[in-house]
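Take a look at the model below.

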Amino acid sequence: MDDFQFKFNEYKNQLMRLNSHAWDGDKLWPEIEEWLKNFNGKCFPVEEEQLLALHLLSHFIYFGNSTIREMLKAGYQEQFIIPLKQNIRKDLGDSIDHNRINSILDLEIKKTLFIGAGNPSESGAHLLYFFRQMNDLSKEMFSDFYGAFYQDTQSDALIPRFNNINRYIFFDDLVASGTQITGYLKDSLAKIRQNNPTIELKFMCLFATSVGLNALNESEMFNGNASCLFHLDDSYKVFNEGSRNFTNTEEPSLEKLKEFCLSYATHLGSPEQDKLGYKDSQLMIGFSYNTPDNTLPIFWCNHPIFWTPIFARYSKKYF
């Protein structure tokens with residue numbers, strides 16, 4: 001057996017273990033083989049490119065349905081219930097009377113409304129369906145934006161539709177650059193606060209980069225009340241110094257992997273600033289329901305003639 005075949009088989013075995021134990025069986029070997037056919041020697045010899053592609057794939061972070069569901073359950077507890085309980089206990093003078101704490105907690109939960117960030121057809125709203133199921137919540141605790149607020153025609157302020165709600169939690173799956181959600185919500189949050197300065201506005205998500213989380217915690221956004229379950233710090237940027245994925249002390253080198261990715265991103269027509277993911281995000285992350293464009297394009301780009309993705313992306317369409 002030659003060196004290429006030996007390394008190829010090693011990667012294959014590793015990926016089959018990943019698929020079995022971490023990827024919910026979502027990526028069978030025939031799919032990976034189809035993806036490998038994309039790499040036809042545009043940057044390095046074909047066999048070397050296939051090994052580079054397999055090396056990258058073996059470090060990809062993929063979240064299947066079962067994992068996402070468990071994360072939705074964990075997020076509810078860690079980002080909502082536990083902090084709320086802590087605040088209640090503090091207000092009660094550090095009481096350890098669990099019956100009293102839980103009684104107040106039940107009342108506070110009923111004063112809370114969850115809203116999917118963005119359009120109702122997007123991933124935030126989509127995941128709230130499973131969020132409700134996993135946490136056994138009432139459907140009355142969920143709304144879209146204009147089901148929760150209406151616009152006053154005279155003042156232009158946004159007025160809450162429900163007098164019994166004092167806490168609004170916006171929800172999304174991933175916040176990367178933060179620009180999209182900021183653009184969508186910044187003006188609206190100001191209009192909500194216009195007549196309701198004491199209203200509680202929070203943001204929850206499963207994943208967030210440091211840049212995205214900082215953007216959401218600006219005073220004109222959620223003013224320190226945005227949180228994530230899984231923090232994607234700069235070590236998750238594939239080619240960043242201190243990357244947790246690869247180092248320059250191993251083979252293949254970081255420089256070679258980057259050159260390979262850039263070469264094929266150029267072939268795929270990615271804009272200069274997005275060749276390593278949207279706004280140079282450099283992520284290698286995907287979900288069972290979609291792959292964010294912050295991930296390296298070689299994984300998700302789809303072209304009916306010359307590119308087959310391994311983790312499909314369903315892009316948003318705008319008129």
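## Rings, a cavity and cysteines

The structure holds 36 aromatic pairs. Rings of Phe, Tyr and Trp (its six-membered ring) pair if their centres lie within 6.5 Å; planes under 30 degrees apart are stacked, over 60 edge-to-face, and the rest tilted. Here are two of the pairs.

| Pair | Centre to centre | Angle between planes | Type |
|---|---|---|---|
| Phe-149 and Tyr-168 | 4.7 Å | 40° | tilted |
| Tyr-264 and Trp-307 | 5.7 Å | 45° | tilted |

The model is predicted: local features need pLDDT of at least 70, side-chain atom pairs count only at pLDDT 80 or more, and totals for chains, interfaces and linings use all residues. Residues are numbered from 1 along each chain as its sequence is written, and side-chain values use heavy atoms, with hydrogens and water left out.

Phe-149 lies in strand 4 (residues 149-151) and Tyr-168 in strand 6 (residues 167-175), so their pair ties together parts 19 residues apart in sequence. Strands (E, at least two residues) and helices (H or I, at least four) are DSSP runs, numbered from the N terminus. Both Phe-149 and Tyr-168 are buried. Buried means under 20% relative accessible area, exposed over 50%, and partly exposed in between (1.4 Å probe, protein chains only).

The other pair links distant parts of the chain: Tyr-264 is in helix 10 (residues 254-267), and Trp-307 is in the segment after helix 11 (297-300), 43 residues apart. Tyr-264 is buried at 0% relative accessible area, and Trp-307 is buried at 1%. Both belong to one aromatic cluster, whose members include Trp-23, Phe-60 and Phe-311.

How large is the largest cavity? Its volume is about 40 Å³. A cavity is a set of points on a 1 Å grid over the protein atoms alone where a 1.4 Å probe fits but cannot get out; lining residues have an atom within 4 Å of a point. Points are joined across faces, edges and corners, and the volume is the space filled by probe spheres set on them. Among the lining residues are Ile-61, Tyr-236 and Asn-245.

Now the cysteines. The whole structure has zero disulfides (pairs of cysteine sulfur atoms within 2.5 Å). The sulfur of Cys-205 is 5.2 Å from the closest cysteine sulfur, in Cys-228, which is too far for a bond. Cys-205 is buried, with a relative accessible area of 0%. Cys-228 is buried too, at 17%.

Definitions and conventions:
On a 1 Å grid over the protein atoms alone, a cavity is a set of points where a 1.4 Å probe fits but cannot get out, and a pocket is an open set with protein on both sides within 12 Å along at least five of seven lines; lining residues have an atom within 4 Å of a point.
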